[in-house]
Amino acid sequence: MDTCSSVFLFSFLLFAIIIVIVFNKINGLRSSSASKKKIIDHVNTNSHGLVFPQGSLGWPVIGETIEFISSAYSDHPESFMDKRRLMYGKVFKSHIFGTATIVSTDAEVNKIVLQSDPTAFVPFYPKTVRELMGKSSILLINGSLHRRFHGLVGSFLKSPLLKAQVVKDMHKYLSESMDQWSEDQPVLLQDISKTVAFKVLAKALISVEKGEELDELKKEFEQFIKGLMSLPVNFPGTQLHRSLQAKKKMVKQVEKIIDGKVRRTKNKEEDDVIAKDVVDVLLKDSSESLTHNLIANNMVDMMIPGHDSVPVLITLAVKFLSDSPSALHFLTDENMELKRLKELTGEPLYWNDYLSLPFTQKVITETLRMGNVIIGVMRKAMKDVEVKGYVIPKGWCFLAYLRSVHLDKLYYESPYKFNPWRWQERDMSTSSFSPFGGGQRLCPGLDLARLEASIFLHHLVTRFRWTTEEDTIINFPTVHMKNKLPIWIKRR
């Protein structure tokens, strides 16, 4: 993209952001000045020594959003946070995306908030995301229904049965794809990983794996996903409207699949003992709250990681390894040794074989730390909450900015250096490492993400040598490679 186009795109984005903020303000998303003054006065006179975080609310209406976005698009996305940390400390107030916000780059504060129950904090998302997800989304619901849904889904995604199926499916999809790779043209690794990850997740969720059904699902999903970062304006012709229509079509498609499962089970045409996918697991639950429509809507929402998180993790791992020959050498040797051992014994590769590769797991962990697939998590305070001496006022947004923690030299020596060896003696369970969020809303698919990345890397390094073209990591609005990470391969 040339300079003029880049300037135009950036100017358009800023204009769009201002429209979003004004729209949100009209809809009452910003706390009133009187309300904020009341909170501050209350805190300042508090006898318990609580501190209302310092900071600035920026310009009227737009707050500090433009500077936040400008930093997010730069080569140093956390510069917005670093500047304010120096002035106000690790926890500070701001006003971004039309909302008064307490921003935290403190690992302990983040951990406490993310582990809080719904009486203190609830999920918070931009208006567009809330409209697309709907009130019954697992991302938004609270209480017993969320715990039930999250528990059922999480248990299945961690089950040995599904992991064995994922190994089989990944081998099939990767073999089909890699067999067609040419040495005469670049392979767009980000696109390949997205295609494979979406197929794996679609089968795990609703047992759709090929043909027109999968093609139609993927087509509508691509339209749906575009709306997550669109303007919150819903009328014919807008992106939000197109995305909502796409989701309706997807929900109808999933509901047909659910109806078919129910019919076959009643007619004894299908084994109702072993759950083959997430829908089976949820249908077996006796809760009346888990309606077919609720299940269908959430299956669509849960496809998002197959489009974003897992493919980005895989792509960034290849990017970092390509830039670190010593790490790539260690990882290749480890995986080639496993391949030789399995060929010698005649045994297939099992899911625990992949996850037991120590250096490969360190590479994935370091990729999660440096890549920050999830840069932050947002919550909304349901009451005045005291955390580590700070007060987070009722009605304010809380942003746990995970990227700043993962790149903090207080926790990591040479934090901008890709160094998988740092995890040889380091505990991943500390508050300074939370790539998948935390608390009751910890991503239920984290084990699956690691497994998929491990399998992809194993197939890549044992079948190919490669060189990468120059490419840049874009960190906003989602993490991705600017040119989809083109690689030139040579078969082993």
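Two residues are in contact here when their heavy atoms lie within 4.5 Å. Among contacts in the protein chain between residues at least 6 apart in sequence, 72% join residues at least 24 apart. This is a predicted model, in which local features need pLDDT of at least 70, side-chain atom pairs count only at pLDDT 80 or more, and totals for chains, interfaces and linings use all residues. Residues are numbered from 1 along each chain as its sequence is written, and side-chain values use heavy atoms, with hydrogens and water left out.

Start with the whole chain. It has 20 helices and twelve strands. Both are DSSP runs numbered from the N terminus: helices are H or I with at least four residues, strands are E with at least two. Of the 492 residues in the protein chain, 50% are buried. Buried means under 20% relative accessible area, exposed means over 50%, and partly exposed lies in between (1.4 Å probe, protein chains only). The protein chain exposes about 23,000 Å². Carbon and sulfur atoms supply 56% of that area. Accessible areas come from the Shrake-Rupley method with a 1.4 Å probe; for residues, only the protein chains shown count as cover.

Now go inside. A nonpolar core is a set of buried Ala, Val, Leu, Ile, Met, Phe, Trp, Tyr and Cys residues joined through side-chain atoms within 4.5 Å. The largest one has 99 residues. Phe 149, Trp 181, Ile 206, Leu 282 and Met 299 have the most contacts inside it. Helix α9 (residues 189–206) gives the most to this core, with eleven residues. A second, separate core has 19 residues, including Ala 100, Ala 381, Val 387 and Ala 400.

Setting aside neighbours within four places in sequence, Met 299 touches Phe 149, Leu 205, Ile 206, Val 254, Val 278, Val 279 and Leu 282.

Helix α9 also packs against a partner. The axes of α9 and helix α10 (residues 211–226) come within 12 Å and cross at roughly 110 degrees. So α9 is roughly perpendicular to α10, a label for angles of 65 to 115 degrees; under 35 counts as roughly parallel, over 145 as roughly antiparallel and the rest as oblique. Axes are lines fitted to C-alpha atoms, for helices over the stretch in contact, and angles run from 0 to 180 degrees between N-to-C directions. From α9, the contact uses Phe 198, Lys 199, Ala 202 and Ile 206. From α10, Leu 214, Leu 217, Lys 218 and Phe 221 take part.

Turn to the charged pairs. A salt bridge is a side-chain nitrogen of Lys or Arg within 4 Å of a carboxyl oxygen of Asp or Glu. The structure holds 27 of them. In one, Lys 83 meets Glu 67 at 3.3 Å, N to O. Lys 83 lies in helix α4 (residues 79–88) and Glu 67 in helix α3 (residues 65–72), so the pair ties together parts that are 16 residues apart in sequence. Lys 83 is partly exposed at 42%, and Glu 67 is partly exposed at 31%.

Lys 388 is partly exposed at 43%, whereas Asp 106 is buried at 8%. Lys 388 also forms a salt bridge with Glu 108, with the closest N and O atoms 3.7 Å apart. Glu 108 is in helix α5, 280 residues from Lys 388.
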